[in-house]
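What follows is a walk through one protein model, taken a part at a time. Keep the structure in view while reading.

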Amino acid sequence: MNHWEKQLGLGRRFYDGVLAAVILTGLVGFIINQPIFYFPTGLLIIFILGSKIFDHYSGSDFELQNVKHSVRLFPGDEAEWKIHMNNYSRVPMLNGTLSFETGKMVSSRREMMNELYHSYSYKLPFSLMSRGESVVHIPVRAETRGVTKARNLSFRFPHLLNFTPIKMRYKKPYQTEFIIYPTPEPVLGVKEFIHPSIGEQRANFSPYEDVLTPVGTRDYEQGDAFHKIHWKASAKSQSLKTKVLERQVDGSWTIIVNVVEQTRLGNEHLSPRLESLLSYACYLCYTATERGYPYEMIINMRKPQRNPYFYQEKGEGSVHLRHSLEMLARIDKEQRLLPMDQLFHWFGSRGLSSKVVLIVGEIPDGTLDKLKDWQSKGTVVLQVQMDGSSAYLRPALQRGGA
């Protein structure tokens with residue numbers, strides 16, 4: 001009950017008025033010595049006592065099951081949302097209405113919701129029997145990328161005696177959240193421009209070998225390099241043996257998403273193509289995961305943390321991909337922007353360990369020197385260039401990085 005705030009339909013003035021009527025009818029019956037006036041007096045007393053008892057016990061011991069839970073969807077996916085409530089009191093709460101709001105990232109059946117300016121409001125019939133549990137089943141459909149929760153959750157039900165509504169407002173944040181991932185949009189040219197280089201990742205097929213990491217020997221074959229002969233193994237077996245070296249590559253990526261655009265006057269604003277930028281970044285994350293490449297991702301929106309921008313450390317695999325999709329989903333248009341030159345000031349001090357840098361979005365003139373510096377050190381710097389509804393990779397410094 002500590003998580004709910006009760007708002008009674010009838011206030012103290014009403015009960016003061018009823019009490020005054022009790023006193024008045026009682027005095028009239030006593031003065032004129034007519035017992036019939038005691039009948040309405042008794043009814044009013046029963047009404048006051050019953051109402052006060054119901055006011056006290058209704059909603060006094062019920063809880064909303066509020067376990068932290070995330071529902072992850074892509075636009076167009078459907079799921080069922082269950083809201084559980086338990087009433088531990090002997091007083092039922094019947095013919096009520098459960099109300100809340102969500103963002104427009106998810107929707108439900110039209111008869112369940114009304115559209116507001118930035119959200120959907122829901123009003124669902126709901127009753128709680130004495131010492132009972134009720135579950136509301138809400139079909140939801142993912143509409144657009146983003147993250148949303150139920151907010152302004154309340155339960156309104158009529159008083160059993162005076163029929164005025166009693167409102168219970170939930171004071172805690174509701175922990176179930178809907179995470180709608182961006183839809184990956186293909187980027188052309190990944191195979192043409194991105195090739196693995198020598199590094200520390202193990203690979204079954206690679207033109208690069210680590211001469212310091214032999215993994216076995218095999219019989220010598222004509223054409224084997226002299227430095228690959230394993231002399232100790234050859235002496236033991238009385239025949240020439242060749243070292244089998246571990247093949248290694250470095251396919252690591254750094255994905256930088258620039259959600260800021262500049263006007264001709266140099267003013268910066270959120271890119272109107274934000275959703276496309278995030279969808280292309282999503283595709284690059286999928287591609288890196290499919291190829292087994294580790295990657296890190298940076299988005300120039302501010303966060304009140306150690307890194308003042310959205311940053312995912314380098315990693316690989318399906319779990320890393322899920323974290324990437326969740327970070328992309330949590331980008332909100334209302335968040336503050338971080339210009340690219342400031343991003344490079346913060347991020348540049350860390351150093352760059354990837355062999356490939358992929359920039360999704362515009363490349364401001366103020367970042368060209370940094371890109372040239374990376375490129376001079378052997379890093380491949382590419383930009384996702386958008387052309388209408390499609391996108392393709394190109395060298396980032398081509399045409400001055402415009």
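Thr-379 sits in the loop that runs between helix H8 (368–376) and strand S23 (380–387). The model is a predicted one. Is Thr-379 buried or exposed? Its relative accessible area is 11%, and because buried means under 20%, Thr-379 counts as buried.

Which residues surround Thr-379, leaving aside its neighbours within four places in sequence? Thr-379 is in contact with Leu-352, Ser-354, Lys-355, Val-356, Val-357 and Trp-374, once those neighbours are set aside. One of these, Leu-352, is 27 residues from Thr-379 in sequence, and the C-alpha atoms of the two are 9.0 Å apart in space.

The next topic is the nonpolar cores. The largest nonpolar core has 38 residues, and the ones that touch the most other members are Trp-253, Ile-255, Val-257, Leu-284, Met-297 and Ile-299. At least two residues of this core come from each of strand S17 (253–257), helix H5 (274–291), strand S20 (295–299), helix H6 (318–329), strand S22 (356–360), S23 and strand S24 (390–395). H5 gives the most, with nine residues.

Val-257 shows what the surroundings of one member look like. Leaving aside neighbours within four places in sequence, Val-257 is in contact with Leu-277, Leu-278, Ala-281, Met-297, Ile-298, Ile-299, Asn-300 and Val-360. Another core, of 35 residues, lies apart from the largest one, and Met-85, Val-106, Met-168 and Tyr-174 are among its residues.

Now to the sheet. In what order do the six strands of the open sheet stand? The order is S1-S12-S11-S5-S8-S7, with antiparallel pairing. Strand S1 (4–7) and strand S7 (113–115) are the edge strands, each pairing on one side only. From one strand to the next, the twist averages 20 degrees.

Strand S11 (residues 151–158) and strand S12 (residues 165–170) are joined over five bridges in the antiparallel sense. Met-168 in S12 has Phe-155 standing opposite; Met-168 is also among the residues of the 35-residue core.

The last stop is a pocket. Rolling a probe the size of a water molecule over the atoms shows where empty space is left. The largest pocket has a volume of about 640 Å³. Its lining is made up of 18 residues, and Met-105, Arg-145, Val-147, Asp-332 and Lys-333 are those that lie nearest its centre. Strand S10 (residues 146–149) gives the most to the lining of this pocket, with four residues.

Definitions and conventions:
Residues are numbered from 1 along each chain as its sequence is written. This is a predicted model: local features need pLDDT of at least 70, side-chain atom pairs count only at pLDDT 80 or more; totals for chains, interfaces and linings use all residues. Side-chain values use heavy atoms; hydrogens and water are left out. Two strands pair if DSSP finds at least two bridges between them. Axes are lines fitted to C-alpha atoms, for helices over the stretch in contact, and angles run from 0 to 180 degrees between N-to-C directions. Buried means under 20% relative accessible area, exposed over 50%, partly exposed in between (1.4 Å probe, protein chains only). Contact means heavy atoms within 4.5 Å. A nonpolar core is a set of buried Ala, Val, Leu, Ile, Met, Phe, Trp, Tyr and Cys residues joined through side-chain atoms within 4.5 Å. On a 1 Å grid over the protein atoms alone, a cavity is a set of points where a 1.4 Å probe fits but cannot get out, and a pocket is an open set with protein on both sides within 12 Å along at least five of seven lines; lining residues have an atom within 4 Å of a point. Grid points are joined across faces, edges and corners, and a volume is the space filled by probe spheres set on the points.
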